[in-house]
Amino acid sequence: MSDFDIIVIGSGPAGQKAAVQASKAGKRVALVERDALLGGACVHRGTIPSKTLRENALRVNNMRKNAALFRFKLSEDLEMATLIDRLDDVMKSHDEYMRRQIDRNAIKRIHGRARFLSPNEVEVTSVRGEKQVLATDYVVIATGSFPRKPDQVPIDHENIFDSDSVLSMLYLPKSLAVLGGGVIASEYASIFQALGVRVIMIDRYPRPLGFLDKDLTDNFVNAFQDMGGVWMGNSVVKRVYFDGVNDVITELEDGRTIITQKLLCAAGRVANVNDLDIDNAGLELDERGVIPVDGQLRTRVPNIFAAGDVIGPPSLASASMEQGRRAACNAIGLEVGSMPEMIPVGIYGVPELSSVGMSEQEARKAHGQIIVGRAPFAEIARGHISGNQDGMLKLVCDAEGRRLLGVQIVGEEATELIHIGQMALLSKSDVDIFVESIFNFPTLAEAYRVAALAVIGQRARRNSVY
């Protein structure tokens with residue numbers, strides 16, 4: 001008889017949900033975590049720390065906009081700890097909540113580093129070096145990811161940082177180069193720019209967040225540049241080094257040189273399987289550097305499943321939670337169906353960006369003729385009240401202007417507003433539902449009605465032509 005029915009390795013969003021789901025189904029579950037606190041990179045180095053910093057960046061930015069009223073000026077050599085003053089409390093509260101949940105569900109917590117001995121045996125080494133071998137029927141790998149380190153960028157975590165170490169800076173720098181144009185790069189670049197740091201984003205692609213609707217990315221770049229940031233697209237980094245005195249030098253292949261006080265390299269992330277010895281279990285990473293799984297989140301080894309960042313995109317905490325739950329269900333034989341496709345994307349930059357369903361570009365490619373309705377927040381009363389006039393909500397519909405294909409939002413509260421559109425898409429509602437609804441006034445949610453009326457107006461004009 002095995003020691004456990006299922007062992008979950010990693011306590012991040014995917015691992016936590018996998019362990020709880022299996023335990024609620026009556027299985028004997030062990031949760032192995034090498035860090036002292038539960039929650040994984042999401043809680044300690046990623047989502048929660050960066051969003052805590054963002055909240056204070058918004059406060060600083062808003063006070064700057066009202067400097068004449070408040071006589072506000074950010075002090076020189078501001079310590080980073082001041083800007084993430086609530087982080088320790090947030091992390092400890094999250095850890096305590098997870099511990100109570102895990103204990104309440106009779107999940108065995110094991111603090112140590114796991115490695116495979118075979119597909120059914122996991123060795124765990126404690127912080128004191130003590131080893132124990134655990135036998136199990138099933139394993140869920142939920143060890144997350146760590147930052148990719150390009151050869152030409154010598155990350156030292158003092159002058160040249162990655163996304164896991166950037167918040168360990170002692171002081172807010174006067175200037176910062178950000179390498180990359182993805183989600184993490186865009187979030188940190190805009191957050192630091194909102195704090196008054198001179199930020200230069202450098203990426204090989206023509207625009208950041210290339211997977212998003214072009215209206216959203218254009219709005220983001222404009223807002224970033226309006227705050228004083230510099231976007232350098234179509235730029236390939238040749239070499240990065242610290243000059244040994246004060247500055248980080250970034251040399252580009254076209255001969256340009258960028259000089260900043262600090263540098264953040266956000267060039268993607270790879271599966272965190274170091275020291276896991278997955279080859280002992282018959283596993284290997286694919287060409288993308290992640291563990292390949294099928295539609296049931298099963299690896300090539302029948303009793304081993306994987307979920308979260310360790311299997312690659314979409315690399316969203318929300319998706320990882322559902323993947324973890326489904327991986328556990330599939331392992332123990334509970335029917336859960338297919339993974340939902342209608343997952344909203346939320347990017348916590350300044351401004352926020354959120355998307356669900358098709359972008360305008362994807363819809364035009366798939367359907368040809370479409371109708372798009374836009375609602376600038378400058379036309380919404382709440383946008384004026386909150387100083388959020390640069391935002392926009394966009395509805396993408398079919399050629400008849402009835403079937404909703406996608407919702408795109410940029411501006412504060414975008415990640416909250418998107419769920420109204422998500423529910424409309426899931427219920428297969430016509431765009432008319434937004435006109436038939438009465439929203440609270442004044443709210444940003446009214447933008448759905450404004451955008452829907454724009455669609456209906458175009459629909460009427462098109463029908464009159466025919």
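Five strands line up as an open, parallel-paired sheet in the order S8-S15-S9-S10-S11. Strands here are DSSP runs (E, at least two residues), helices are runs of H or I with at least four, and both are numbered from the N terminus; two strands count as paired if DSSP finds at least two bridges between them. The edges go to strand S8 (160-162) and strand S11 (230-232), and each has a single partner strand, so one side of each is left without a neighbour in the sheet. On average, neighbouring strands of this sheet are turned by 20 degrees against each other, direction ignored. Axes are lines fitted to C-alpha atoms, for helices over the stretch in contact, with angles from 0 to 180 degrees between N-to-C directions.

This is a predicted model, where local features need pLDDT of at least 70, side-chain atom pairs count only at pLDDT 80 or more, and totals for chains, interfaces and linings use all residues. Residues are numbered from 1 along each chain as its sequence is written, and side-chain values use heavy atoms, with hydrogens and water left out.

Contact here means heavy atoms within 4.5 Å. Helix H8 (residues 214-226) lies across S10 and S11, at about 130 degrees to S11.

A three-stranded open sheet has the order S12-S13-S14 and antiparallel pairing. Strand S12 (237-242) and strand S14 (257-260) are its edges, each with a single partner strand, so one side of each lacks a neighbour in the sheet. S12 and strand S13 (residues 248-252) are joined by five bridges, and Arg239 is partnered by Glu251 in S13.

Then there is strand S5 (residues 121-125): four of its five residues are buried, so the strand is largely enclosed by the rest of the structure. Buried means under 20% relative accessible area, exposed over 50%, and partly exposed in between (1.4 Å probe, protein chains only). Strand S4 (residues 113-118) pairs with S5 in the antiparallel sense over five bridges, and a hairpin joins the two through two residues. In the hairpin of S5 and S6, with five residues between the strands, Gly129 takes a positive phi near 90 degrees.
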